Amino acid sequence: MNVTRRRFLKATAALYLLPTLSKANAPSAILEAKAASMQLIGAEFGDYPKTEIWGFQGTVPGPLLRFKQGDTLRQTLHNSLPQPTSIHWHGVRLPNAMDGVPGFTQDAVPTGETFDYAFPLKDAGTYWYHSHNRSTEQVARGLYGVIVVKEHTPPDVEHDIVVVLDDWRLDETAQITDDFGAMHDWTHAGRMGNYVHAHLTPSPDTLQKNARVRLRFVNVASDRVMTIAIQGGSGKVVARDGMPLQAPEALGALVFGPAERADVILDVNPSEAQALQIVFLERDTGYLLHEIPLAGDAVATRGPIQALPANPVTYLSDLEGAREIPLVMEGGAMGRMETATFDGEDLSTRELVQKGKVWAFNGIVGMPDAPLATLRQGELVRMPIANDTAFAHAMHLHGTHFQEVLPDGGFGPMKDTLLVQPRETREIAFVAPPPGKWLFHCHMLSHQSAGMKTWFEVV
Ligand code: C2O
Ligand code: CU
């Protein structure tokens, strides 16, 4: 091609006159939900074949979506699964139409079709995305991934690592068992797997002594509560469920109900094993999920670990004028529920079990036609949650974070999921999010399928 220098310069100059292509009008990226196979079980457990999974882009976890605070997320779901699906952006404040709940905010996307999601990311932090259709099956098959939204001024660390905690129920050939509706699971603690796994992104081979590391834990298990200990480092918990803690907490064992997250910042300083270790605790036993050995020269130690920069959210200062909406959870094995309403009919526990609907909120099983309450945007709500069952429940509110009302009248951290132990009563308070239909459900997905779900209407 014959391009003169003069024309080239002119062309270059013209380029500068074009509007800058910013992230805000960047094209939508495709997230394809599809079946694939991958090596799930590590070689250290023996010679297992690949596992058939369902994943975004055919991987588990799905692609790690990284943004900066204030960016616009644009993702097009392309469904190549044999079932309809949708994506819920867990913990992200967004317009109701983008919330990904079939039957409420959109139709489930049929095989071969697409849906465009686009919304600004107001808050920095660790969030995640997952299927919200037939989620007991679709999440258990692998349809989830993590969203990292970077702060404008992120803390200074050597490594920023996402740790996905998962729990798989596999057969001897490493295949996911398809007993997703097993009634014993649904009436008890849910679908417990037999392969608990920590997946790190990125996954450094070694760490230097004194290196400062941020670990972003996400429990994506469909039902399992995970207790995690970190050995070989000392630091603080700086965020929960994506939101910065106003006062970082001392780092001890971390308990994660399904969907719960925590960001930890620590300095690597092992005393015994020369490694940083992530350990899964069950009863008196610790199982090593992952370890990163120490290598190289030590780096200089740093000053104290500070709180993360705040997100643009308003913390509660009092409950004056709050509307009280009590919630009683009942049902399940060893429960005291005798009858409940399902689909407008009063049924006995026996009849409910036959229908696979065994958990109730305020005497109603399954998604009610009418909302639990109709709220005005900005209305303050307080909700005592009484768990009159023999099992823990991870209660998740769509649309906004809440704060726990503590026994001393103070408020806990901003959370989007709260683990309520058996026979315990906890209270949450929140400000009603923008208009729309927002779910409130147990994130033990087996419990959700078996009836533990309701919704708020905001007008
Ligand atoms: Cu993470 Cu309604 O869910
Ligand atoms: Cu539950």
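## Surface and charge

The chain has an accessible surface of about 20,000 Å², and carbon and sulfur atoms hold 52% of that area. Accessible areas are computed by the Shrake-Rupley method with a 1.4 Å probe, and for residues only the protein chains shown count as cover. This is a predicted model, in which local features need pLDDT of at least 70, side-chain atom pairs count only at pLDDT 80 or more, and totals for chains, interfaces and linings use all residues. Residues are numbered from 1 along each chain as its sequence is written, chains are lettered from A and ligands numbered from 1 in the order in which they are written, and side-chain values use heavy atoms, with hydrogens and water left out.

There are 39 positive and 52 negative side chains, and the centres of these two sets are 9 Å apart. Lys and Arg count as positive, Asp and Glu as negative, while His and the chain ends are not counted. Each charge is placed at NZ of Lys, CZ of Arg, CG of Asp or CD of Glu.

## Overall fold

The chain contains 5 helices and 33 strands. Its radius of gyration is 23 Å, close to the 23 Å given by the globule rule for 459 residues, so the chain is as compact as a globular protein of that length. The radius is taken over C-alpha atoms, and the rule is 2.2 Å times the number of residues to the power 0.38. Helices (H or I, at least four residues) and strands (E, at least two) are DSSP runs numbered from the N terminus.

The C-alpha trace spans about 85 × 55 × 55 Å along its principal axes. Of the 459 residues, 54% are buried. Here buried means under 20% relative accessible area, exposed means over 50%, and partly exposed lies in between (1.4 Å probe, protein chains only). Among contacts with a separation of 6 or more, 76% join residues 24 or more positions apart; a contact means heavy atoms within 4.5 Å.

## Copper site

Which residues coordinate the copper ion (ligand 2)? The ion is held by His-393 through ND1, Cys-442 through SG and His-447 through ND1, at 2.0 to 2.1 Å. Donors are N, O and S atoms within 2.8 Å of the metal (3.2 Å for Na, K and Ca); water is not among the atoms, so sites may look incomplete.

Along the chain, the donors of this copper ion follow the spacing H-x48-C-x4-H. Cys-442 and His-447 are both buried.

## The loop between E18 and E19

Tyr-315 is located in the loop between strand E18 (285-293) and strand E19 (323-324). Tyr-315 is partly exposed, at 22% relative accessible area. Not counting residues up to four places away in sequence, Tyr-315 touches Pro-244, Gln-246, Gln-403 and Met-414. Tyr-315 and Gln-403 are 88 residues apart in sequence, with 8.1 Å between their C-alpha atoms.

Asn-311 is also placed in the loop between E18 and E19. Asn-311 counts as buried, at 6% relative accessibility. Outside four places in sequence, its contacts include Gln-69, Asp-123, Tyr-127 and Pro-244. Between Asn-311 and Ser-222 there are 28 Å, C-alpha to C-alpha, at a sequence separation of 89 residues.

Lys-415 belongs to strand E29 (residues 411-415). Is Lys-415 buried or exposed? Its relative accessibility is 8%, so Lys-415 counts as buried. Apart from neighbours within four places in sequence, Lys-415 is in contact with Arg-240, Asp-241, Glu-260, His-401 and Phe-402.

Gly-193 sits in the loop between helix H3 (183-187) and strand E10 (195-201) and is buried, with a relative accessible area of 15%. Leaving aside neighbours within four places, Gly-193 contacts Asp-167, Trp-168, Arg-169 and Arg-224.

## Backbone exceptions

Most residues other than glycine have a negative phi, and most peptide bonds are trans. The bond from Val-60 to Pro-61 is cis, with omega near -10 degrees; Pro-61 is in the loop between strand E2 (51-56) and strand E3 (65-68). The bond from Thr-201 to Pro-202 is cis as well, with omega near -15 degrees, and Pro-202 lies in the loop between E10 and strand E11 (212-219).

Ala-174 has a positive phi, near 70 degrees, and lies in the loop between strand E9 (159-168) and H3. Ala-174 is buried, at 0% relative accessible area. Met-334 has a positive phi near 60 degrees and is located in the loop between strand E20 (327-331) and strand E21 (339-342). Met-334 counts as exposed, at 59% relative accessibility.
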